[in-house]
Amino acid sequence: MAYPKQYRYTKEHEWIETKGDIATIGITDYAQHELGDVVFVELPAPGTKVSTGKTLGSVESVKAVSEIYAPASGEVIESNASLQNKPETLNTEPHGAGWLVKIKLANPAEVNSLMDAAAYEAYIEEKQKEASA
Amino acid sequence: MRYLPKSPTERQEMLGAIGAKSIEDLFSSIPDAYRLKKPLALPGPLSEQEVIEYFQARAAENSGGYTSFLGAGVYNHLRSVVTDAILQRGEFLTSYTPYQAEISQGTLQAIFEFQTLMCQLTGQEVANASVYDGSTATTEAVLMAERLTGRRRVLIARSVHPEYREVLRTYAKNSGLKVEEISYTAAGTIDTRGLRAALKDDVCAVVAQSPNFFGAIETLWPLAESAHASGALLVVAIAEGLSLGVVKPPTEADIVAMEGQSFGLAPSYGGPFAGVVASRDKFVRQMPGRLAGQTTDSEGQRGFVLTLATREQHIRREKATSNICTNQALCALAATVHLTLLGKEGLREMAEQNLSKAQFTLAELQQIPGVKRAFSAPFFNEFTVELPRSVKIVNAELLKEKIVGPFVLGPAYPELTKHALVCVTETISRREIERFVAAVKRALEQPL
């Protein structure tokens, strides 16, 4: 699956797409693949303040529960309600319909320090090499 | 598991392989001041015959032939030898918690059946595989409510078992959870007016026990209404599980925390027992511990799996839902076998015997001048009476007649100076009840 050019990426495998000061956050195709079948997603309620690198919610797969970390600081304005009944969307469309939350960014410039698609692809290629070595 | 002894030669070989001269070498990093420089003060080895004699002598120290009217959270009930026979099967007795769960189908099936029984008894939708005991179950239920509501204040009835409250306070002490107690009324039940006054929108849970520590049965629906009106959850603790043979299940509760000791577990020295956390389906992901589930395998055959263990400590480490939620598999198995042997009718009959024997005992005690029933609420197999004399003195007299007297309430409730909590189970015959009442009468009539 291709990594959208307009997104930015974290080392913890979240993606973030910004439009003005509103950002959409999700987990990457690499992340969903590593997690396996997702069975439950726990997301913050609108109004929750999130800060960079801190826990935003969790994704439970058949293997384990993993934290999702906020790629940037801000306030949650919407979380993806459709994931409550169809958490598997996270596996099938991680970069689209499987988005997790939308936040109002505290500082939109913060996102620029994250990896772009090319850098992220190089990063996960390195990870995969490590794993197979 | 095989025991592999090692000879001095083998020890030396192993030390050589890791480059150490002696066993002492391995401890060289421990500062000298902390080293024990003499052998441990242990008695020497005994022969098989000596071991048998030692344990026979210890067993002979046990006292037999006592009749007990002591309950207060641990209850004497009849147990079938069948339960012990099944518990002592090696597959159950010696197995450790199944981390590679699915190869242990028998253990998973036993846990699944335990959960099913606990749901049927408590009227809840899900029950976990068990925790330590009723006290930790109660605390885990409160922590669960804290996670679900995001609130950090809990209101617990003073009529909840004093030790359950102490365990809760121990957990809460350094966690920032505020614990407040709600008083009781002349009926012996929770003060609902006091509860309503204390309920604010920062309360995560209201905790009540039923039958409560005084034996009184709480009316749960007003508690649920008050709690829910302010966004709190109702946690119901049950110390005497057998009460559910006749008392309506606590369906009003959001979380039920139950002690499973009454189901096939001997009182011993106060453990090991099995606690139960049961709840509504929608709260399942905040439940501590694990859940076994039933499914079908690739060939369509019935099988069992650990449906929910992803939030346990071996996976989540410090982020686990609870790090004190060890499943008491063997005790849970005892409860499962015991309840299966009793069946629905047997459980009801056993409970009815407790109820009528306790009623009879109270009526007989009230014939004694000066003995008063302390609380007016209905009860199951335990009730509180006020004596005209210190309970401790009466109990000392009873003990001389091989009767273990009722629980002395004073130390836990300073205002209940002459109050005794009397427990009467199906194990006590009418003749023994009459002997008890006569002994109490004599103890009260004795000059000081």
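This is a predicted model: local features need pLDDT of at least 70, side-chain atom pairs count only at pLDDT 80 or more; totals for chains, interfaces and linings use all residues.
P272(B) sits in the loop between β7 and β8 of chain B. Chain B has another cis bond to show you, between S210(B) and P211(B), where omega is about -10°. That proline, P211(B), belongs to the loop between β5, residues 203-209, and α10, residues 220-229. As background, most peptide bonds are trans.

Next, positive phi. Most residues other than glycine have a negative phi. S130(B) is not a glycine, yet its phi is positive, about 105°. You will find S130(B) in the loop between β2 and α7 of chain B, with α7 covering 134-149. Is S130(B) buried or exposed? S130(B) is buried, because 30 other C-beta atoms lie within 10 Å, and the cut-off for burial is 20 or more.

In chain A, the residue to look at is H13(A), again not a glycine, with a positive phi near 75°. H13(A) falls in the loop between β1, residues 8-9, and β2, residues 14-19. H13(A) also counts as buried, because it has 24 other C-beta atoms within 10 Å.

Back to chain B, and helix α6, residues 105-122. Its 18 residues reach 26 Å from first C-alpha to last, close to the 26 Å expected at 1.5 Å a residue. The buried residues of α6(B) include L108(B), I111(B), F112(B), F114(B), L117(B), M118(B) and L121(B). E113(B) and Q115(B) are also among the buried ones. What do the buried residues of α6(B) pack against? They pack against strands β2, β7, β8, β9 and β10, and against helix α12, residues 329-365, of chain B. After α6(B) comes G123(B), with a positive phi near 75°.

Now a helix pair in chain B. The axes of α13, residues 391-400, and α14, residues 430-445, come within 9 Å and cross at roughly 125°. That angle makes α13(B) oblique to α14(B). The crossing of the two is right-handed. On the α13(B) side, the contact uses V394(B), E397(B) and L398(B); on the α14(B) side, A439(B), V440(B), A443(B) and L444(B). By class, that is six nonpolar residues, no polar ones and one charged.

Last, the contact between the chains. How many residues does each chain put in? Chain A gives four and chain B gives five. On the side of chain A that touches chain B, three residues are nonpolar, none is polar and one is charged.

Key:
Residues are numbered from 1 along each chain as its sequence is written. Chains are lettered from A and ligands numbered from 1 in the order in which they are written. Axes are lines fitted to C-alpha atoms, for helices over the stretch in contact, and angles run from 0 to 180 degrees between N-to-C directions. Helices (H or I, at least four residues) and strands (E, at least two) are DSSP runs, numbered from the N terminus. Angles under 35 degrees count as roughly parallel, over 145 as roughly antiparallel, 65 to 115 as roughly perpendicular and the rest as oblique. A crossing is left-handed if the near helix is turned anticlockwise from the far one by less than a right angle, and right-handed if clockwise. Two residues are in contact if their C-beta atoms, placed from the backbone, lie within 7 Å. Ala, Val, Leu, Ile, Met, Phe, Trp, Tyr, Cys and Pro count as nonpolar, Asp, Glu, Lys and Arg as charged, and the others, Gly among them, as polar. The expected span of a helix is 1.5 Å times one less than its number of residues. A residue is buried if 20 or more other C-beta atoms lie within 10 Å of its own, exposed if 12 or fewer, and partly exposed in between; C-beta atoms are placed from the backbone.
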